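Here are a few friendly notes to read alongside the structure. Take them one at a time, and keep the 3D view open as you go.

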Amino acid sequence: MDTTGAGFERTSGADDPFAAFSPAIAEAWQASFMASFPSHIVRALLANARETQLEAGRIFYRGAYHDQMAMLGLVADGLLRIYLLADNGRQVTLHYSERGSIVGAPALLLGGTQNDSDQAGQGWQMLGGRRIHGEALRDTLLLRLSPGQFLRLVQIGRASCRERV
């Protein structure tokens with residue numbers, strides 16, 4: 001098991017954590033910041049992941065009103081638009097997500113890593129979290145990752161870093 005943080009290298013056969021997914025998923029992973037994750041982190045994140053096909057025009061995210069609504073995904077193919085929806089219906093595009101992009105991480109990192117549940121998500125809500133929406137502009141292949149698993153791994157990594165200091 002690679003615990004050095006040097007990055008994940010794919011293996012073939014039953015040991016390949018990407019074996020259950022389409023080749024586009026593995027290629028997008030290598031194009032993302034997660035390509036440098038150690039193998040035990042990659043395996044943990046992929047254990048509860050699932051591929052989702054989004055049709056062009058589909059709204060796949062409608063804001064997070066609480067931490068249970070958070071989502072995290074890797075764009076394997078296609079194009080997503082993340083936008084802010086004002087009360088008057090006006091839409092302001094925040095960014096576009098293409099192959100290798102991660103969607104949903106800001107909501108998790110701003111709102112999900114705090115210990116006090118009354119404050120969890122407060123920073124995200126101040127940035128308009130419930131008004132953030134996501135739409136597929138083209139047919140898109142998305143790898144949905146478990147937000148809870150991601151946050152647990154962030155906490156483990158944070159604790160590990162504190163021990164080293």
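**Notes on the fold and one arginine**

1. Let's begin with contacts in this predicted model. If you take the contacts between residues at least 6 apart in sequence, 76% of them join residues at least 24 apart.

2. Now the overall make-up. The protein has five helices and eight strands.

3. Next, the surface. Of the 165 residues, 43% count as buried. The accessible surface comes to about 9300 Å², and carbon and sulfur atoms account for 50% of that area.

4. Strand β4 (residues 80-85) runs antiparallel to strand β7 (residues 132-136), and five bridges link the two. Here you can find Leu80 opposite Ala136 in β7.

5. Finally, look for Arg43 in helix α2 (residues 39-47). Is Arg43 buried, exposed or partly exposed? Its relative accessible area is 36%, so Arg43 counts as partly exposed, since that class lies between under 20% (buried) and over 50% (exposed).

6. A polar atom of the Arg43 side chain lies 2.8 Å from the backbone oxygen of Asp15. Asp16 is 27 residues from Arg43 along the chain, yet their C-alpha atoms are separated by 9.0 Å.

Note on methods
Residues are numbered from 1 along each chain as its sequence is written. This is a predicted model: local features need pLDDT of at least 70, side-chain atom pairs count only at pLDDT 80 or more; totals for chains, interfaces and linings use all residues. Side-chain values use heavy atoms; hydrogens and water are left out. Helices (H or I, at least four residues) and strands (E, at least two) are DSSP runs, numbered from the N terminus. Buried means under 20% relative accessible area, exposed over 50%, partly exposed in between (1.4 Å probe, protein chains only). A polar contact is a pair of N or O atoms within 3.5 Å; within protein, one must be able to donate a hydrogen and the other to accept it, and residues adjacent in sequence count only if both atoms are side-chain atoms. Contact means heavy atoms within 4.5 Å. Accessible areas come from the Shrake-Rupley method with a 1.4 Å probe; for residues, only the protein chains shown count as cover. Two strands pair if DSSP finds at least two bridges between them.
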